[in-house]
Amino acid sequence: ISLKVGEELFIEHATLLKKHGAAVVVMAFDEEGQAATEPEKVRICKRSYDILVNRVKFPPEDIIFDPNVLTIGTGMEEHSNYGIDFINACKKIKEQCPYVKISGGISNLSFGFRGVTKIRESIHAIFLHHAIVNSGMDVGIVNSHELLAIEDIDEDMRVLCENLVFNKIPEATDDMLERTTWEKACLDAKKKKLPNPRKPRGRIVNKPRMKFPCDDFVPRKATAPPAPSSDVAQNATPNPYLNTKLVHPKIVAARAKSTNARDGAAICGKAAGWSDLKIDWAQDSSTYPANFPHFVRGRDSVRNYMCDLLQSQIAMYDGAMGTMIQNYGKKNKLGETEYRGERFADWTTSVKGNNDMLSLTMPQVIKNIYLEYLEVGGSNMIGTNTFSATTIAMADYKMEEYAYELNYAGARLAREACDEVTAKDPTKPRFVFGALGPTNRTGSISPSVEDASMRNVTFDELVETYFEQTCGLVDGGCDILIVETIFDTLNAKAALFAIGEYLEFSGVDIPVFVSGT
(Lines give C-alpha, C1' and ligand atoms only; values in the text may rest on other atoms or scores of the structure.)
Protein backbone atom coordinates (compact mmCIF):
# COMPACT_ATOMS: atom_id res chain seq x y z
CA ILE A 1 0.00 0.00 0.00
CA SER A 2 1.05 3.63 -0.29
CA LEU A 3 -0.07 7.21 0.23
CA LYS A 4 -0.34 7.54 -3.54
CA VAL A 5 -4.09 6.88 -3.13
CA GLY A 6 -4.47 9.57 -0.45
CA GLU A 7 -4.62 9.36 3.34
CA GLU A 8 -8.26 8.27 3.58
CA LEU A 9 -7.93 5.22 1.32
CA PHE A 10 -4.45 4.49 2.76
CA ILE A 11 -5.97 4.28 6.26
CA GLU A 12 -8.81 2.09 4.94
CA HIS A 13 -6.31 -0.32 3.33
CA ALA A 14 -4.15 -0.44 6.47
CA THR A 15 -7.14 -1.00 8.75
CA LEU A 16 -8.34 -3.95 6.68
CA LEU A 17 -4.85 -5.50 6.70
CA LYS A 18 -4.64 -5.03 10.47
CA LYS A 19 -7.99 -6.78 10.94
CA HIS A 20 -6.66 -9.74 8.96
CA GLY A 21 -3.51 -9.86 11.09
CA ALA A 22 -1.28 -9.20 8.07
CA ALA A 23 2.00 -7.35 7.84
CA VAL A 24 2.11 -4.42 5.43
CA VAL A 25 4.60 -3.38 2.75
CA VAL A 26 4.49 0.40 2.37
CA MET A 27 5.87 1.86 -0.87
CA ALA A 28 7.53 5.27 -0.68
CA PHE A 29 4.90 7.04 -2.79
CA ASP A 30 2.59 9.87 -1.85
CA GLU A 31 0.04 12.02 -3.65
CA GLU A 32 2.86 13.76 -5.54
CA GLY A 33 4.49 10.59 -6.82
CA GLN A 34 7.53 8.39 -6.15
CA ALA A 35 10.20 9.29 -3.61
CA ALA A 36 13.55 9.55 -5.43
CA THR A 37 15.80 11.58 -3.12
CA GLU A 38 16.89 10.82 0.43
CA PRO A 39 14.77 13.57 2.05
CA GLU A 40 11.66 12.47 0.13
CA LYS A 41 12.11 8.82 1.07
CA VAL A 42 12.47 9.71 4.75
CA ARG A 43 9.60 12.20 4.72
CA ILE A 44 7.08 9.87 3.08
CA CYS A 45 8.05 6.85 5.20
CA LYS A 46 7.88 8.87 8.44
CA ARG A 47 4.49 10.28 7.44
CA SER A 48 3.23 6.77 6.62
CA TYR A 49 4.63 5.42 9.90
CA ASP A 50 2.93 8.13 11.98
CA ILE A 51 -0.43 7.45 10.33
CA LEU A 52 -0.12 3.67 10.72
CA VAL A 53 1.12 3.63 14.32
CA ASN A 54 -0.70 6.61 15.82
CA ARG A 55 -3.99 6.56 13.93
CA VAL A 56 -4.51 3.00 12.71
CA LYS A 57 -2.68 1.50 15.76
CA PHE A 58 -0.77 -0.78 13.38
CA PRO A 59 1.98 -2.82 15.13
CA PRO A 60 5.24 -1.11 14.05
CA GLU A 61 7.07 -4.44 13.91
CA ASP A 62 4.67 -5.51 11.13
CA ILE A 63 5.50 -2.53 8.89
CA ILE A 64 7.90 -3.05 5.97
CA PHE A 65 8.99 0.02 4.03
CA ASP A 66 10.16 -0.12 0.42
CA PRO A 67 11.90 3.25 -0.14
CA ASN A 68 12.37 2.55 -3.88
CA VAL A 69 15.68 1.21 -5.24
CA LEU A 70 16.17 3.24 -8.45
CA THR A 71 18.55 2.84 -11.38
CA ILE A 72 22.07 4.30 -11.30
CA GLY A 73 24.69 4.56 -14.04
CA THR A 74 22.27 5.86 -16.67
CA GLY A 75 24.42 8.80 -17.73
CA MET A 76 21.84 11.23 -16.34
CA GLU A 77 23.30 13.35 -13.55
CA GLU A 78 20.07 13.42 -11.51
CA HIS A 79 20.23 9.61 -11.21
CA SER A 80 23.79 9.49 -9.88
CA ASN A 81 22.86 9.73 -6.18
CA TYR A 82 20.01 7.21 -6.22
CA GLY A 83 22.18 4.49 -4.66
CA ILE A 84 23.64 6.50 -1.81
CA ASP A 85 20.29 8.23 -1.25
CA PHE A 86 18.63 4.86 -0.62
CA ILE A 87 21.39 3.70 1.74
CA ASN A 88 21.32 6.92 3.78
CA ALA A 89 17.52 6.97 3.83
CA CYS A 90 17.43 3.41 5.24
CA LYS A 91 19.35 4.45 8.33
CA LYS A 92 17.27 7.56 8.96
CA ILE A 93 14.00 5.68 8.48
CA LYS A 94 15.08 3.03 11.00
CA GLU A 95 16.10 5.76 13.44
CA GLN A 96 12.87 7.74 13.09
CA CYS A 97 10.51 4.76 12.75
CA PRO A 98 11.38 2.24 15.49
CA TYR A 99 10.85 -1.50 14.86
CA VAL A 100 10.08 -1.25 11.12
CA LYS A 101 11.70 -3.40 8.45
CA ILE A 102 13.12 -2.15 5.13
CA SER A 103 12.96 -4.02 1.86
CA GLY A 104 13.80 -3.30 -1.76
CA GLY A 105 13.96 -4.89 -5.20
CA ILE A 106 17.67 -4.79 -6.06
CA SER A 107 17.54 -5.55 -9.80
CA ASN A 108 16.36 -1.99 -10.52
CA LEU A 109 19.71 -0.63 -9.31
CA SER A 110 21.80 -2.02 -12.19
CA PHE A 111 19.19 -2.04 -14.94
CA GLY A 112 21.46 0.10 -17.14
CA PHE A 113 23.99 -2.75 -17.27
CA ARG A 114 21.61 -5.55 -18.19
CA GLY A 115 23.12 -8.38 -20.17
CA VAL A 116 26.33 -8.65 -18.13
CA THR A 117 25.55 -10.59 -14.98
CA LYS A 118 28.98 -10.17 -13.38
CA ILE A 119 28.73 -6.38 -13.52
CA ARG A 120 25.19 -6.30 -12.21
CA GLU A 121 25.80 -8.73 -9.34
CA SER A 122 29.00 -6.91 -8.32
CA ILE A 123 27.07 -3.64 -8.05
CA HIS A 124 24.37 -5.43 -6.06
CA ALA A 125 26.90 -6.95 -3.65
CA ILE A 126 28.47 -3.57 -2.83
CA PHE A 127 25.07 -1.93 -2.47
CA LEU A 128 23.60 -4.69 -0.25
CA HIS A 129 26.68 -4.84 1.96
CA HIS A 130 26.51 -1.16 2.86
CA ALA A 131 22.69 -1.00 2.99
CA ILE A 132 22.52 -3.99 5.37
CA VAL A 133 25.65 -3.61 7.51
CA ASN A 134 25.79 0.17 7.78
CA SER A 135 22.14 1.21 7.41
CA GLY A 136 20.07 -1.67 8.74
CA MET A 137 18.27 -2.82 5.58
CA ASP A 138 16.40 -6.06 6.31
CA VAL A 139 15.29 -7.59 3.01
CA GLY A 140 16.72 -7.43 -0.48
CA ILE A 141 14.81 -9.07 -3.32
CA VAL A 142 17.55 -10.62 -5.47
CA ASN A 143 18.38 -13.31 -7.99
CA SER A 144 19.75 -15.74 -5.44
CA HIS A 145 21.28 -18.03 -8.03
CA GLU A 146 23.59 -15.28 -9.32
CA LEU A 147 24.14 -13.39 -6.06
CA LEU A 148 27.75 -12.55 -5.18
CA ALA A 149 29.21 -11.88 -1.76
CA ILE A 150 31.40 -8.81 -1.42
CA GLU A 151 34.42 -11.09 -0.87
CA ASP A 152 33.88 -12.60 -4.33
CA ILE A 153 34.55 -9.29 -6.10
CA ASP A 154 37.99 -8.48 -7.46
CA GLU A 155 39.55 -5.39 -5.89
CA ASP A 156 39.48 -3.37 -9.11
CA MET A 157 35.83 -4.24 -9.69
CA ARG A 158 35.05 -3.31 -6.09
CA VAL A 159 36.52 0.15 -6.58
CA LEU A 160 34.47 0.65 -9.74
CA CYS A 161 31.27 -0.44 -7.97
CA GLU A 162 31.85 1.76 -4.92
CA ASN A 163 32.55 4.76 -7.14
CA LEU A 164 29.26 4.12 -8.93
CA VAL A 165 27.03 3.30 -5.95
CA PHE A 166 28.34 6.19 -3.82
CA ASN A 167 28.82 8.60 -6.77
CA LYS A 168 32.38 9.24 -5.65
CA ILE A 169 33.73 10.62 -8.93
CA PRO A 170 32.08 12.18 -12.01
CA GLU A 171 33.61 9.48 -14.26
CA ALA A 172 32.08 6.56 -12.33
CA THR A 173 29.49 5.69 -14.99
CA ASP A 174 31.96 5.97 -17.88
CA ASP A 175 34.50 3.77 -16.08
CA MET A 176 31.88 1.09 -15.43
CA LEU A 177 30.69 1.16 -19.03
CA GLU A 178 34.27 0.63 -20.16
CA ARG A 179 34.62 -2.34 -17.81
CA THR A 180 31.28 -3.70 -19.05
CA THR A 181 32.54 -3.69 -22.61
CA TRP A 182 35.62 -5.66 -21.53
CA GLU A 183 33.53 -8.20 -19.61
CA LYS A 184 31.39 -8.80 -22.69
CA ALA A 185 34.54 -9.42 -24.72
CA CYS A 186 35.67 -11.95 -22.08
CA LEU A 187 32.37 -13.78 -22.35
CA ASP A 188 32.79 -14.10 -26.08
CA ALA A 189 36.34 -15.38 -25.63
CA LYS A 190 35.32 -17.96 -23.09
CA LYS A 191 32.97 -19.55 -25.58
CA LYS A 192 36.05 -20.83 -27.30
CA LYS A 193 37.81 -22.01 -24.11
CA LEU A 194 37.16 -24.01 -21.01
CA PRO A 195 35.52 -22.01 -18.22
CA ASN A 196 37.72 -20.83 -15.37
CA PRO A 197 36.96 -22.49 -12.05
CA ARG A 198 35.14 -20.36 -9.54
CA LYS A 199 37.25 -18.82 -6.81
CA PRO A 200 36.86 -20.50 -3.41
CA ARG A 201 34.58 -18.47 -1.20
CA GLY A 202 36.57 -19.17 1.94
CA ARG A 203 35.26 -18.81 5.48
CA ILE A 204 32.09 -16.79 5.83
CA VAL A 205 32.57 -13.93 8.27
CA ASN A 206 29.51 -12.99 10.29
CA LYS A 207 29.37 -9.25 10.73
CA PRO A 208 27.30 -7.46 13.36
CA ARG A 209 24.05 -5.89 12.23
CA MET A 210 23.48 -2.17 12.51
CA LYS A 211 21.83 -1.50 15.89
CA PHE A 212 19.32 1.22 16.69
CA PRO A 213 18.17 2.63 20.04
CA CYS A 214 14.98 0.57 19.90
CA ASP A 215 17.07 -2.64 19.83
CA ASP A 216 18.46 -1.95 23.30
CA PHE A 217 15.68 -2.60 25.76
CA VAL A 218 15.50 -4.20 29.17
CA PRO A 219 13.12 -7.19 29.23
CA ARG A 220 10.32 -6.72 31.71
CA LYS A 221 7.87 -9.13 33.22
CA ALA A 222 4.63 -9.37 31.29
CA THR A 223 1.64 -8.84 33.56
CA ALA A 224 -0.99 -8.99 30.83
CA PRO A 225 -1.36 -10.31 27.30
CA PRO A 226 -1.22 -7.76 24.47
CA ALA A 227 -4.47 -5.83 24.34
CA PRO A 228 -6.28 -4.83 21.12
CA SER A 229 -5.41 -1.40 19.79
CA SER A 230 -8.75 0.23 20.67
CA ASP A 231 -8.65 2.93 23.34
CA VAL A 232 -11.07 1.02 25.60
CA ALA A 233 -8.89 -2.10 25.50
CA GLN A 234 -5.61 -0.23 25.91
CA ASN A 235 -7.02 1.67 28.89
CA ALA A 236 -8.93 -1.37 30.25
CA THR A 237 -12.12 0.70 30.35
CA PRO A 238 -14.82 -1.23 32.23
CA ASN A 239 -17.59 -2.63 30.05
CA PRO A 240 -20.73 -0.72 31.14
CA TYR A 241 -22.94 -3.77 30.39
CA LEU A 242 -25.59 -1.38 29.02
CA ASN A 243 -26.28 -3.15 25.75
CA THR A 244 -29.42 -1.15 24.98
CA LYS A 245 -27.03 1.70 24.20
CA LEU A 246 -25.26 -0.34 21.50
CA VAL A 247 -27.12 0.91 18.44
CA HIS A 248 -24.78 0.26 15.53
CA PRO A 249 -26.93 -0.73 12.51
CA LYS A 250 -25.41 -4.21 12.23
CA ILE A 251 -26.01 -4.96 15.91
CA VAL A 252 -29.55 -3.59 15.74
CA ALA A 253 -30.20 -5.66 12.58
CA ALA A 254 -29.04 -8.88 14.28
CA ARG A 255 -31.47 -8.27 17.13
CA ALA A 256 -34.33 -7.18 14.86
CA LYS A 257 -34.34 -10.41 12.82
CA SER A 258 -34.17 -12.62 15.91
CA THR A 259 -36.98 -14.73 17.30
CA ASN A 260 -36.62 -12.73 20.52
CA ALA A 261 -37.85 -9.66 18.67
CA ARG A 262 -40.54 -11.59 16.81
CA ASP A 263 -42.03 -13.70 19.60
CA GLY A 264 -41.19 -11.71 22.74
CA ALA A 265 -40.81 -12.86 26.35
CA ALA A 266 -44.21 -14.57 26.43
CA ILE A 267 -42.89 -17.29 24.13
CA CYS A 268 -39.07 -17.05 24.30
CA GLY A 269 -38.97 -16.65 28.07
CA LYS A 270 -41.79 -18.97 29.06
CA ALA A 271 -39.78 -22.13 29.75
CA ALA A 272 -37.16 -20.26 31.76
CA GLY A 273 -39.69 -18.13 33.63
CA TRP A 274 -38.43 -14.83 32.22
CA SER A 275 -40.94 -11.98 32.19
CA ASP A 276 -38.65 -9.88 30.00
CA LEU A 277 -35.75 -10.34 27.58
CA LYS A 278 -33.45 -7.74 29.08
CA ILE A 279 -30.02 -7.11 27.63
CA ASP A 280 -28.57 -4.72 30.26
CA TRP A 281 -26.51 -6.43 32.98
CA ALA A 282 -24.85 -3.61 34.90
CA GLN A 283 -24.72 -3.87 38.70
CA ASP A 284 -24.89 -1.10 41.27
CA SER A 285 -21.32 -0.02 42.05
CA SER A 286 -21.91 -0.64 45.76
CA THR A 287 -23.03 -4.26 45.28
CA TYR A 288 -19.68 -5.58 46.50
CA PRO A 289 -16.57 -3.92 48.03
CA ALA A 290 -14.10 -2.20 45.74
CA ASN A 291 -10.81 -3.78 44.66
CA PHE A 292 -9.70 -7.34 43.99
CA PRO A 293 -10.92 -10.03 44.68
CA HIS A 294 -14.38 -8.45 44.47
CA PHE A 295 -15.91 -7.57 41.11
CA VAL A 296 -18.89 -5.50 40.05
CA ARG A 297 -20.11 -5.35 36.44
CA GLY A 298 -19.92 -1.85 35.02
CA ARG A 299 -17.58 -0.67 37.77
CA ASP A 300 -14.56 -2.93 37.29
CA SER A 301 -12.56 -3.95 34.23
CA VAL A 302 -12.87 -7.64 33.30
CA ARG A 303 -9.51 -7.39 31.54
CA ASN A 304 -7.71 -6.12 34.65
CA TYR A 305 -9.52 -8.59 36.89
CA MET A 306 -8.52 -11.56 34.72
CA CYS A 307 -4.88 -10.46 34.74
CA ASP A 308 -4.90 -10.14 38.54
CA LEU A 309 -6.70 -13.47 38.93
CA LEU A 310 -4.41 -15.48 36.66
CA GLN A 311 -1.27 -14.03 38.25
CA SER A 312 -2.37 -14.64 41.82
CA GLN A 313 -3.98 -18.09 41.80
CA ILE A 314 -4.84 -21.16 39.76
CA ALA A 315 -8.18 -20.44 38.11
CA MET A 316 -10.49 -23.01 36.54
CA TYR A 317 -12.58 -22.78 33.39
CA ASP A 318 -15.12 -25.46 32.46
CA GLY A 319 -18.24 -25.88 30.40
CA ALA A 320 -18.11 -29.17 28.48
CA MET A 321 -21.87 -29.30 27.99
CA GLY A 322 -22.04 -32.36 25.73
CA THR A 323 -20.71 -34.82 28.31
CA MET A 324 -22.83 -33.40 31.11
CA ILE A 325 -25.98 -33.58 28.97
CA GLN A 326 -25.13 -37.20 28.14
CA ASN A 327 -24.74 -37.93 31.85
CA TYR A 328 -28.13 -36.36 32.51
CA GLY A 329 -29.64 -38.53 29.76
CA LYS A 330 -28.31 -41.70 31.39
CA LYS A 331 -30.27 -40.97 34.58
CA ASN A 332 -33.32 -39.22 33.12
CA LYS A 333 -35.46 -39.52 30.04
CA LEU A 334 -33.97 -37.34 27.34
CA GLY A 335 -35.45 -38.28 23.98
CA GLU A 336 -36.99 -36.52 21.01
CA THR A 337 -39.98 -35.38 23.07
CA GLU A 338 -37.83 -33.79 25.76
CA TYR A 339 -35.64 -32.03 23.21
CA ARG A 340 -38.73 -30.59 21.49
CA GLY A 341 -40.49 -29.49 24.66
CA GLU A 342 -43.86 -27.79 24.49
CA ARG A 343 -42.70 -25.03 22.18
CA PHE A 344 -41.34 -27.24 19.40
CA ALA A 345 -43.66 -30.22 19.76
CA ASP A 346 -44.69 -30.02 16.10
CA TRP A 347 -41.24 -29.32 14.63
CA THR A 348 -40.84 -30.89 11.19
CA THR A 349 -37.42 -32.47 11.63
CA SER A 350 -35.74 -34.62 14.28
CA VAL A 351 -33.96 -32.48 16.88
CA LYS A 352 -32.60 -35.09 19.27
CA GLY A 353 -28.92 -34.35 19.78
CA ASN A 354 -29.34 -30.60 19.32
CA ASN A 355 -27.90 -29.86 22.76
CA ASP A 356 -27.96 -26.09 22.31
CA MET A 357 -31.74 -26.30 21.88
CA LEU A 358 -32.11 -27.46 25.49
CA SER A 359 -31.41 -23.88 26.61
CA LEU A 360 -34.87 -23.10 25.17
CA THR A 361 -36.81 -26.26 25.97
CA MET A 362 -35.17 -27.51 29.20
CA PRO A 363 -33.47 -24.39 30.60
CA GLN A 364 -33.41 -25.68 34.18
CA VAL A 365 -31.37 -28.71 33.12
CA ILE A 366 -28.79 -26.45 31.47
CA LYS A 367 -28.73 -24.05 34.42
CA ASN A 368 -28.25 -26.94 36.84
CA ILE A 369 -25.25 -28.12 34.82
CA TYR A 370 -23.80 -24.60 35.06
CA LEU A 371 -24.39 -24.67 38.83
CA GLU A 372 -22.65 -28.05 39.13
CA TYR A 373 -19.55 -26.67 37.44
CA LEU A 374 -19.59 -23.65 39.74
CA GLU A 375 -20.55 -25.19 43.09
CA VAL A 376 -19.32 -28.77 42.86
CA GLY A 377 -16.43 -28.27 40.45
CA GLY A 378 -15.42 -24.86 41.85
CA SER A 379 -14.97 -23.24 38.44
CA ASN A 380 -14.17 -19.53 38.30
CA MET A 381 -15.38 -19.37 34.72
CA ILE A 382 -17.91 -21.39 32.72
CA GLY A 383 -18.55 -21.68 28.99
CA THR A 384 -22.03 -21.29 27.57
CA ASN A 385 -24.15 -24.04 25.99
CA THR A 386 -23.71 -22.48 22.54
CA PHE A 387 -21.13 -24.72 20.84
CA SER A 388 -23.32 -25.18 17.75
CA ALA A 389 -25.54 -22.10 18.07
CA THR A 390 -24.80 -20.68 14.62
CA THR A 391 -27.02 -20.39 11.58
CA ILE A 392 -24.64 -22.74 9.75
CA ALA A 393 -24.80 -25.53 12.34
CA MET A 394 -28.53 -25.03 13.05
CA ALA A 395 -29.31 -25.62 9.37
CA ASP A 396 -29.15 -29.35 10.15
CA TYR A 397 -32.29 -28.87 12.24
CA LYS A 398 -33.89 -26.10 10.14
CA MET A 399 -33.48 -23.76 13.11
CA GLU A 400 -31.28 -21.08 11.56
CA GLU A 401 -33.62 -18.28 12.65
CA TYR A 402 -33.17 -19.26 16.32
CA ALA A 403 -29.38 -18.67 16.36
CA TYR A 404 -29.53 -15.34 18.22
CA GLU A 405 -32.05 -16.67 20.76
CA LEU A 406 -30.01 -19.82 21.43
CA ASN A 407 -26.97 -17.70 22.24
CA TYR A 408 -28.97 -15.23 24.31
CA ALA A 409 -30.60 -18.00 26.36
CA GLY A 410 -27.37 -19.97 26.79
CA ALA A 411 -25.56 -16.86 28.05
CA ARG A 412 -28.41 -15.62 30.26
CA LEU A 413 -28.78 -18.95 32.03
CA ALA A 414 -25.04 -18.94 32.70
CA ARG A 415 -25.26 -15.32 33.87
CA GLU A 416 -27.98 -16.20 36.37
CA ALA A 417 -26.04 -19.22 37.66
CA CYS A 418 -22.84 -17.21 38.08
CA ASP A 419 -24.64 -14.39 39.89
CA GLU A 420 -26.34 -16.81 42.29
CA VAL A 421 -23.05 -18.49 43.21
CA THR A 422 -21.13 -15.20 43.42
CA ALA A 423 -23.73 -13.82 45.84
CA LYS A 424 -22.90 -16.68 48.24
CA ASP A 425 -19.18 -15.81 48.19
CA PRO A 426 -18.42 -12.37 46.67
CA THR A 427 -14.68 -12.93 47.16
CA LYS A 428 -14.82 -15.45 44.33
CA PRO A 429 -16.67 -13.81 41.43
CA ARG A 430 -17.79 -16.15 38.64
CA PHE A 431 -17.58 -15.20 34.97
CA VAL A 432 -19.47 -16.20 31.84
CA PHE A 433 -17.47 -17.16 28.77
CA GLY A 434 -19.61 -16.82 25.65
CA ALA A 435 -18.55 -19.82 23.53
CA LEU A 436 -18.33 -19.62 19.72
CA GLY A 437 -18.01 -23.13 18.30
CA PRO A 438 -16.23 -24.19 15.09
CA THR A 439 -19.44 -24.92 13.04
CA ASN A 440 -19.83 -28.15 11.07
CA ARG A 441 -18.24 -26.67 7.94
CA THR A 442 -14.63 -25.67 7.34
CA GLY A 443 -13.24 -22.80 5.34
CA SER A 444 -9.85 -24.46 4.73
CA ILE A 445 -10.78 -28.05 3.90
CA SER A 446 -12.70 -29.47 0.98
CA PRO A 447 -15.65 -31.75 1.80
CA SER A 448 -14.91 -33.67 -1.40
CA VAL A 449 -11.97 -36.04 -1.87
CA GLU A 450 -12.32 -35.57 -5.64
CA ASP A 451 -12.03 -31.76 -5.60
CA ALA A 452 -9.52 -30.20 -3.20
CA SER A 453 -10.60 -26.68 -4.20
CA MET A 454 -14.24 -27.19 -3.29
CA ARG A 455 -15.66 -25.34 -0.27
CA ASN A 456 -19.15 -25.53 1.24
CA VAL A 457 -18.83 -22.24 3.14
CA THR A 458 -17.13 -18.90 2.49
CA PHE A 459 -15.16 -16.70 4.84
CA ASP A 460 -17.82 -13.98 4.65
CA GLU A 461 -20.57 -16.48 5.52
CA LEU A 462 -18.61 -17.59 8.57
CA VAL A 463 -18.06 -13.98 9.65
CA GLU A 464 -21.78 -13.24 9.30
CA THR A 465 -22.88 -16.21 11.41
CA TYR A 466 -20.23 -15.55 14.08
CA PHE A 467 -21.25 -11.86 14.27
CA GLU A 468 -24.86 -12.84 14.99
CA GLN A 469 -23.65 -15.35 17.60
CA THR A 470 -21.53 -12.66 19.27
CA CYS A 471 -24.52 -10.29 19.45
CA GLY A 472 -26.65 -12.94 21.19
CA LEU A 473 -23.92 -13.91 23.66
CA VAL A 474 -23.18 -10.32 24.70
CA ASP A 475 -26.86 -9.42 24.97
CA GLY A 476 -27.31 -12.52 27.14
CA GLY A 477 -24.77 -11.19 29.64
CA CYS A 478 -21.44 -12.88 28.91
CA ASP A 479 -18.28 -11.29 30.34
CA ILE A 480 -15.72 -12.80 27.98
CA LEU A 481 -15.82 -14.37 24.51
CA ILE A 482 -14.04 -17.64 23.71
CA VAL A 483 -13.45 -19.10 20.26
CA GLU A 484 -13.89 -22.75 21.17
CA THR A 485 -12.35 -26.04 19.97
CA ILE A 486 -10.50 -24.74 16.93
CA PHE A 487 -9.61 -27.37 14.34
CA ASP A 488 -9.65 -25.05 11.31
CA THR A 489 -7.61 -21.87 11.57
CA LEU A 490 -9.66 -20.11 8.87
CA ASN A 491 -12.85 -20.68 10.85
CA ALA A 492 -11.07 -19.33 13.91
CA LYS A 493 -9.91 -16.31 11.95
CA ALA A 494 -13.48 -15.68 10.78
CA ALA A 495 -14.71 -15.87 14.39
CA LEU A 496 -12.02 -13.47 15.58
CA PHE A 497 -12.72 -11.15 12.65
CA ALA A 498 -16.44 -11.10 13.54
CA ILE A 499 -15.65 -10.44 17.20
CA GLY A 500 -13.31 -7.65 16.15
CA GLU A 501 -16.06 -6.09 14.07
CA TYR A 502 -18.48 -6.29 17.00
CA LEU A 503 -16.00 -4.70 19.41
CA GLU A 504 -15.29 -1.94 16.91
CA PHE A 505 -18.99 -1.24 16.35
CA SER A 506 -19.88 -1.39 20.04
CA GLY A 507 -16.90 0.48 21.46
CA VAL A 508 -16.70 -1.78 24.54
CA ASP A 509 -13.82 -3.86 25.91
CA ILE A 510 -14.58 -7.58 26.07
CA PRO A 511 -11.56 -9.91 26.50
CA VAL A 512 -11.23 -12.72 23.95
CA PHE A 513 -9.82 -16.21 24.55
CA VAL A 514 -9.03 -18.91 21.99
CA SER A 515 -9.22 -22.64 22.77
CA GLY A 516 -7.25 -24.61 20.17
CA THR A 517 -7.18 -28.36 19.64
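Why does Glu464 count as exposed?

1. Glu464. This is a predicted model. The residue sits in helix α17, which covers residues 459-475. Glu464 counts as exposed because its relative accessibility is 53%, and the cut-off for exposed is over 50%. Its C-alpha atom is separated by 7.1 Å from that of Ala498. Along the chain, Glu464 and Ala498 are 34 residues apart.

2. Largest pocket, volume and centre. The largest pocket holds about 1800 Å³ of space. Its lining counts 50 residues. Closest to the centre are Pro226, Ala227, Pro228, Ser229 and Gln234.

3. Largest pocket, elements and classes. By class, the lining of the largest pocket has 25 nonpolar residues, 12 polar and 13 charged.

4. Empty space is found by rolling a probe the size of a water molecule over the atoms. The count comes to one cavity of 30 Å³ or more. The largest cavity has a volume of about 80 Å³. Its lining consists of Gln283, Tyr288, Phe295, Arg297, Arg415, Asp419, Thr422, Pro429, Arg430, Phe431 and Asp479. Those residues divide into five charged, four nonpolar and two polar. Helix α16 (residues 403-424) gives the most to the lining of the largest cavity, with three residues.

5. Strand β10 (residues 480-486) runs parallel to β11, and four bridges join the two. One point to check on screen is Ile482, whose bridge partner in β11 is Phe513.

6. Strands of a sheet pair through backbone hydrogen bonds, either parallel or antiparallel. Here β1 and β4 run parallel and are joined by four bridges. Val26 stands opposite Phe65 in β4. Strand β4 also pairs with β5 (residues 101-105), again in the parallel sense, over two bridges. In that pairing, Ile64 has Lys101 of β5 as its bridge partner.

7. Helix α2, geometry. Helix α2 covers residues 38-55, 18 residues in total. From first C-alpha to last it reaches 25 Å. That is close to the 26 Å expected at 1.5 Å a residue. Just after α2, Lys57 takes a positive phi of about 65 degrees.

8. Helix α2, burial. Which residues of α2 are buried? They are Glu38, Lys41, Val42, Ile44, Cys45, Ser48, Tyr49, Ile51, Leu52 and Val53. The elements that cover these buried residues include two helices, α1 (7-19) and α3 (82-96). Strands β1 (24-27), β2 (29-30), β3 (33-34) and β4 (63-66) are also among the cover. Two of these strands, β1 and β4, are the parallel pair joined by four bridges.

Key: Residues are numbered from 1 along each chain as its sequence is written. This is a predicted model: local features need pLDDT of at least 70, side-chain atom pairs count only at pLDDT 80 or more; totals for chains, interfaces and linings use all residues. Side-chain values use heavy atoms; hydrogens and water are left out. On a 1 Å grid over the protein atoms alone, a cavity is a set of points where a 1.4 Å probe fits but cannot get out, and a pocket is an open set with protein on both sides within 12 Å along at least five of seven lines; lining residues have an atom within 4 Å of a point. Grid points are joined across faces, edges and corners, and a volume is the space filled by probe spheres set on the points. Ala, Val, Leu, Ile, Met, Phe, Trp, Tyr, Cys and Pro count as nonpolar, Asp, Glu, Lys and Arg as charged, and the others, Gly among them, as polar. The expected span of a helix is 1.5 Å times one less than its number of residues. Buried means under 20% relative accessible area, exposed over 50%, partly exposed in between (1.4 Å probe, protein chains only). Contact means heavy atoms within 4.5 Å. Two strands pair if DSSP finds at least two bridges between them.
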